[in-house]
Amino acid sequence: MKPNFIQKVTNWGNFPIVEKEMKSEDSFKKIKEFVLNHNEVIARGNGRCYGDASLGEHIFSTKKLNKFISFDRLNGIIECESGVLLSEVLEIAVPQGYFLYVTPGTKLVTVGGAIASDVHGKNHHSEGCFSEYVIEFKLMTENGEIITCSRESNADKFWATMGGMGLTGIILTAKFKLKNIESAYIRQESIKAENLDEIFRLFEESESWTYTVAWIDCLQKGKDIGRSILMRGEHAFQHELPQSMTKNPLRLKKKFQLVVPFYFPGFILNALTVKIFNFLYYKKQTKREVKDFIDYETFFYPLDLVHDWNKIYGKSGFIQYQMVIPKKSGKEGMKKILEAIANSGNGSFLAVLKLFGKDNQEAYNSFPIEGYTLALDFKVNSKLKKLVDQLDAIVQEFGGRVYLTKDSMSKSSLTNYLKNVQSSKFVSLQHKRIINNK
Amino acid sequence: MIVLGSTSEVAQAFVEKALQEGEKYEKIYLFTSSKETTERFARHLDVKFLQQAEVIDLDLMKEIDYTKFDHINSNVLFCAVGYMGDGTEEGLYDHRNTERIIDINYAKLIPLMNYFAQKFESRRSGTIIGLSSVAGDRGRQSNFIYGSAKAAFTAYLSGLRNYLFDKKVHVITIKPGFMETKMTEGLPLNPALTAKPKQAAAGIYNAYRKQKNVAYVLPVWGIIMMIIRNIPEFIFKKLKL
Ligand SMILES: Cc1cc2nc3c(=O)[nH]c(=O)nc-3n(C[C@H](O)[C@H](O)[C@H](O)COP(=O)(O)OP(=O)(O)OC[C@H]3O[C@@H](n4cnc5c(N)ncnc54)[C@H](O)[C@@H]3O)c2cc1C
């Protein structure tokens with residue numbers, strides 16, 4: 001049997017599926033050979049982007065770049081290889097009293113993927129994107145050279161790579177800062193909002209909170225449009241924790257390790273997922289306002305508790321459509337978007353709304369700009385492309401942007417913030433699609 | 001802990017598993033033919049578990065200077081050394097391929113194993129874990145050079161277990177089936193029969209805790225190999241396995 005590295009590869013949305021070469025190496029020398037021996041290469045982390053961003057002719061998987069390099073426990077500075085997952089960082093950081101400054105809604109992404117997408121979290125308005133906390137990284141460029149990029153050296157590459165979607169090269173290692181925490185728990189408040197006006201007001205009122213996000217029921221029409229639950233949170237100090245959590249405040253109970261390991265049959269997954277979603281959605285919360293302490297896993301990563309939840313959308317897969325509309329016309333834009341969705345009959349199971357703070361001008365390839373961002377999941381079907389075109393048109397009308405790391409269908413005009421990344425070597429299917437879409 | 005074949009993903013996963021379970025070692029000795037990647041692993045262990053590790057360069061195909069190992073003292077030995085070589089079609093009549101397979105999996109490995117076995121014997125304690133292969137359970141046309149070297153290794157472990165029994169040293173034979181590792185990357189393996197390194201490490205750790213004698217990584221392989229071993233030779237010789 002001769003090895004054959006051509007295989008079916010697909011990302012989190014199970015759309016599109018391609019048959020391409022995918023290879024992984026752990027020696028820098030071999031990675032260099034891989035880069036030099038192929039015309040078109042793209043890096044892939046854990047495939048948690050939804051669409052075609054980390055797919056290409058020759059995919060370099062960072063799966064084997066999974067080692068830690070150093071951890072300055074005094075100053076909270078960690079260095080690791082790019083294929084290390086954020087969950088692995090948390091595993092060693094949290095018991096030491098540290099947390100990620102910025103985390104996406106799943107911890108199963110790699111450090112390389114977090115940089116290449118310059119991910120944001122529930123705290124964008126207060127703490128910005130992942131890039132703010134990156135001190136330096138090593139990048140393999142087109143000629144197989146390894147360069148160190150920071151704000152001081154190779155600054156142009158440093159900034160182009162933030163949100164550069166892997167088009168500037170392969171990130172090999174990265175060093176970044178962590179934040180101090182006193183406990184593994186979050187002091188949370190969740191507040192029901194009847195409609196868009198109310199949820200926008202709540203967001204603006206909550207600006208002093210570190211974390212805010214809203215789960216929105218996007219199937220509502222008319223006066224109920226924008227019915228949602230706002231969640232806001234702070235890392236809990238030890239002194240404020242309820243008794244039951246004070247014994248080992250930086251360690252979570254074991255139950256979380258039990259959840260993930262095996263593949264659920266479809267019917268269980270469905271029942272479970274629906275339960276969790278309903279819980280997160282409007283129905284479960286009977287009081288208008290609930291205050292409590294919850295562990296960080298439940299607060300930041302509710303979806304990770306259900307292994308392989310992406311499979312509920314079936315074989316045809318799904319897309320996530322995430323866009324941002326500038327703040328001044330945010331409400332008007334969102335209303336139009338929600339109306340278009342409700343009218344299309346293309347329901348979204350999961351919809352998340354969030355207010356972004358000011359963008360970092362230096363990280364010009366990052367997706368966030370100040371404004372309202374909405375992320376929606378849609379099952380792929382024959383009507384979907386038409387809806388995406390409609391949504392794209394609304395986003396364009398309001399001067400917004402589409403998030404590339406979740407995109408697999410949008411128009412190039414909305415994605416033109418991708419600058420200084422032209423390369424004939426590092427090419428993704430997404431980039432080709434966007435360029436040809438002109 | 002002494003690890004022979006430290007670049008093996010299963011060996012690395014086993015070390016991590018043991019440390020996660022709270023095992024502590026004065027030092028972990030990582031024997032390797034690939035210094036760069038093993039040094040990265042040693043640093044990783046230090047960052048993740050505050051565990052000291054020493055990287056020891058070793059090329060089984062070269063003369064070994066045993067005096068360099070005098071300082072090594074431990075009571076677990078994990079041997080993941082293995083070399084598959086080229087399969088029958090490409091490699092059967094290539095004598096260098098044949099020699100290399102036999103040397104790495106058996107001929108050159110055994111004296112090294114013996115060196116440490118003797119240390120364990122004189123201390124009257126310890127566990128030796130050897131990764132053999134299901135390929136050693138019966139010779140099949142597709143890889144019987146490798147399989148025969150592993151069969152020899154299996155027999156060696158069995159004899160060593162017997163010999164060390166009343167010297168209070170335990171020997172465990174692990175027989176992995178397919179594993180998702182560098183050795184098998186790019187091969188079309190059946191996922192139900194293929195263990196991921198972490199999964200394999202958990203199974204091996206379990207065998208270690210329970211002080212098993214012989215264990216398959218995935219239980220299903222025990223059944224498959226029982227069937228394969230029992231096919232009568234006059235039928236077996238006609239099969240394309
Ligand atoms: C449930 C869920 C929730 C999410 N929530 C959020 C959220 O709240 N905020 C947010 O910002 N994102 C969110 N995401 C998206 C996710 O954070 C990003 O897509 C992230 O980049 C995925 O990382 P990955 O390691 O899986 O990389 P992949 O998906 O494999 O790749 C993503 C991009 O990074 C590039 N890349 C990966 N590794 C490297 C490397 N070593 N060098 C160079 N380029 C590389 C790829 O080429 C590709 O362009 C979410 C995703 C899921 C599934």
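What follows is a short chat about a sheet in chain A and a helix in chain B of a predicted model.

Visitor: What should I know before reading the numbers?
Guide: In this predicted model, local features need pLDDT of at least 70 and side-chain atom pairs count only at pLDDT 80 or more, while totals for chains, interfaces and linings use all residues. Residues are numbered from 1 along each chain as its sequence is written, chains are lettered from A and ligands numbered from 1 in the order in which they are written, and side-chain values use heavy atoms, leaving out hydrogens and water.

Visitor: What is the strand order in the open sheet of chain A?
Guide: E14-E11-E13-E12-E16-E17-E15-E18, eight strands with antiparallel pairing. Strands are DSSP runs of E, at least two residues, and helices are runs of H or I, at least four, numbered from the N terminus; pairing takes at least two DSSP bridges.

Visitor: Which strands stand at the edges?
Guide: E14 (289–295) and E18 (401–402) of chain A; each has a single partner strand, so one side of each is left without a neighbour in the sheet.

Visitor: And how many bridges join E16 to E17 in chain A?
Guide: Six, between residues 351–356 and 371–379. A:Ala351 stands opposite A:Leu376.

Visitor: Switching to chain B, which residues of H5 are buried?
Guide: B:Leu109, B:Ile110, B:Leu112, B:Met113, B:Tyr115, B:Phe116, B:Ala117, B:Lys119 and B:Phe120. Buried is under 20% relative accessible area (1.4 Å probe, protein chains only).

Visitor: What comes just after H5(B)?
Guide: B:Arg124, with a positive phi of about 55°.

Conventions. Buried < 20%, exposed > 50% of the residue type's maximum accessible area, 1.4 Å probe, protein only.
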